[in-house]
Amino acid sequence: MSLPSIELFKQRFFDYSKRYQDIIDSDKFGALTHKIRHTERVLAVAEHIAQSIKLDGDLYLGAQSSALFHDCGRFEQYKQFKTFADRQSVDHGDLGVKIIREENFLAGLPDKLAESVIFAVSVHNKRMIPESDDKDGILFAQITRDADKLDILDFLSDYYVKRKAGLINPVYELFMEDKPEISESLCRSLLAGECGKYSDAKTLNDFKLTQIGLFYDINFPASFKITLEKKHLDMLLDSLPHEQFPVIKEIYGKVLNHAKSRAIL
Ligand SMILES: [Fe+2]
């Protein structure tokens, strides 16, 4: 059986997104437009990572499909709840799986491969990838999660620079309060080499710290190489009050060493 092309799947994704055109056009935050652009970039980075580990054939298409559909639950989530905060609305990974099945987005893929893609979409936003016998699903999830994180880091590190010039969009920062405080428990987690919990993030500074924590959940050397080249960590440090809270510098040093050691094959 010949495999469908990623172009066909892209067509299905963009046709689906057009059903939300009213919201796309009227939303003053541009939230769904932002997610469509995010999806395009995540797909491109996932392709780069997949090539770096020499994936081809059905595994390459599986990695592409996981990246393409990873956030398809965002449209319905935003339509119904006007937020991307899962804790205040719905788990958008699980919702994405429901949409993929209802819309038959993966029609044409062999069943086993389709289930691995669905696994990757369902876990792309979970704290950790759960144990599973689906080795391909785990691989697709790791690639999607890395590409997703790299795009978040790319976007937000740039946004924090613009934010200093007054360009504030509360959607991007999940409406977190901009107070001169940082969470001690979050700092402890990051110093212990853990990602830190989103539920510990109470302020915008904490939200930025959770982005530093993402570095502990990056999988592939190609991904570490990208983030080091783009200096995401330095941009995050610059956006945080590290003079006032010296622990931030300590966390930065630890995370930077981790990234450098993992960027080498
Ligand atoms: Fe997502």
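Two residues are taken to be in contact if their C-beta atoms, placed from the backbone, lie within 7 Å. The structure is a predicted model, in which local features need pLDDT of at least 70 and side-chain atom pairs count only at pLDDT 80 or more, while totals for chains, interfaces and linings use all residues. Residues are numbered from 1 along each chain as its sequence is written.

The protein chain is assigned domain 1 (6–145) and domain 2 (176–263), with bounds that come from an automatic or database domain assignment. The centres of the two domains, taken over C-alpha atoms, are 25 Å apart, and 6 residues of domain 1 are in contact with 5 residues of domain 2. On the side of domain 1 that touches domain 2, two or more residues each come from helix 3 (31–52) and helix 8 (135–164), where helices are DSSP runs of H or I with at least four residues, numbered from the N terminus. Helix 3 gives the most to this side, with 3 residues.

A helix pair can be followed next. The axes of helix 9 (residues 184–191) and helix 13 (residues 247–263) come within 9 Å and cross at roughly 30°, the axes being lines fitted to C-alpha atoms over the stretch in contact, with angles that run from 0 to 180 degrees between N-to-C directions. That angle makes helix 9 roughly parallel to helix 13, a term that covers angles under 35 degrees. In the contact itself, C187, L190 and L191 of helix 9 meet V247, E250, I251 and K254 of helix 13.

Notes: Angles under 35 degrees count as roughly parallel, over 145 as roughly antiparallel, 65 to 115 as roughly perpendicular and the rest as oblique.
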